[in-house]
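Grab a pencil and work through these exercises with the model open beside you. Each one sets a task and then walks through the solution.

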Amino acid sequence: MTTIAEPSRTTGTAFALRRLYFVRFAFAIVWALVMFTMAKEITPVAAALLVLYPLFDVGAAVVDTKASRSTQSPTLLYVNMAVSLAAAVGVAIAATSGIPAVLRVWGAWAIVSGLVQLVVAVPRRTMGGQWPMILSGGISVLAGASFVTAAGADDPALTNAIGYAIPGGVFFLVSALRLGRTQKV
């Protein structure tokens, strides 16, 4: 008789997070490339893309919640969903007022979601692949503050948002790769 060991909860969570992180990397890079073509002004397409980014974060938090329910409390992920949903609504409203308003909302969202990401990733360190998420959360807080500051500049631009998506995507890629390494050990 042959028996097959069932994967541990942590391994299952790590596998699900790894897939999610690859998807988040791809989304961030594609979003940034498309957004780069329209960063000078807020067109209807640019506004839709700016709203889509935090909405995608809501979806990612839903997937993360389902994946990690057995290994940790989903409370902070619920907070992230609420904050990202509020950011999407706020960006949609701010887009009618111009780039400075969008940068202020985007910055507030980056600060709060960065703090949540940081607090979620710290207990996950034992799973592996979370140091990039910890760094990304901390950098998100700093980037958010810079967006709020940039909103008051003489000629604010949406390129700041693009500059936020690319490193964030890279951090997700590094974390996904590191999670893959820990699964093989």
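**Exercise 1: Helix 3**

Helix 3 is 20 residues long and spans 28 Å from first to last C-alpha, close to the 28 Å expected at 1.5 Å a residue (the expected span is 1.5 Å times one less than the number of residues; helices are DSSP runs of H or I, at least four residues, numbered from the N terminus). Before going on, note that this is a predicted model, where local features need pLDDT of at least 70, side-chain atom pairs count only at pLDDT 80 or more, and totals for chains, interfaces and linings use all residues. Residues are numbered from 1 along each chain as its sequence is written, and side-chain values use heavy atoms, with hydrogens and water left out.

Task: find which residues of helix 3 are buried, and what covers them.

Step 1. The buried ones (under 20% relative accessible area, 1.4 Å probe, protein chains only) are L77, N80, M81, S84, A87, A88, G90, V91 and A94.
Step 2. Their cover includes helix 2 and helix 4, going by contact (heavy atoms within 4.5 Å).

**Exercise 2: L158**

Task: work out where L158 sits and what it touches.

Step 1. Look in the loop between helix 5 and helix 6 for L158.
Step 2. L158 has a relative accessible area of 0%, so it counts as buried.
Step 3. Skip its neighbours within four places in sequence, and L158 is in contact with M35, M38, A39, E41, I42, L50, I99 and V102.
Step 4. Now check F36: its C-alpha is 8.5 Å from that of L158, although 122 residues separate the two along the chain.

**Exercise 3: Tryptophans**

Task: describe how W106 pairs with W31 and with W109.

Step 1. Searching the whole structure gives 11 aromatic pairs (Phe, Tyr or Trp rings, using the six-membered ring of Trp, with centres within 6.5 Å; planes under 30 degrees apart are stacked, over 60 edge-to-face, the rest tilted).
Step 2. W31 and W106 are stacked, at 5.7 Å centre to centre with 15 degrees between the planes.
Step 3. This pair links distant parts of the chain, since W31 belongs to helix 1 and W106 to helix 4, 75 residues apart.
Step 4. W106 and W109 are edge-to-face instead, at 5.2 Å and 80 degrees.
Step 5. Both of these lie in helix 4, three residues apart, about one turn of the helix.
Step 6. Zoom out: F27, W31, Y53, F56, W106, W109, F147 and Y164 make up one aromatic cluster.

Definitions and conventions: Helix = DSSP H or I, 4+ residues; strand = E, 2+ residues; numbered from the N terminus. Buried < 20%, exposed > 50% of the residue type's maximum accessible area, 1.4 Å probe, protein only.
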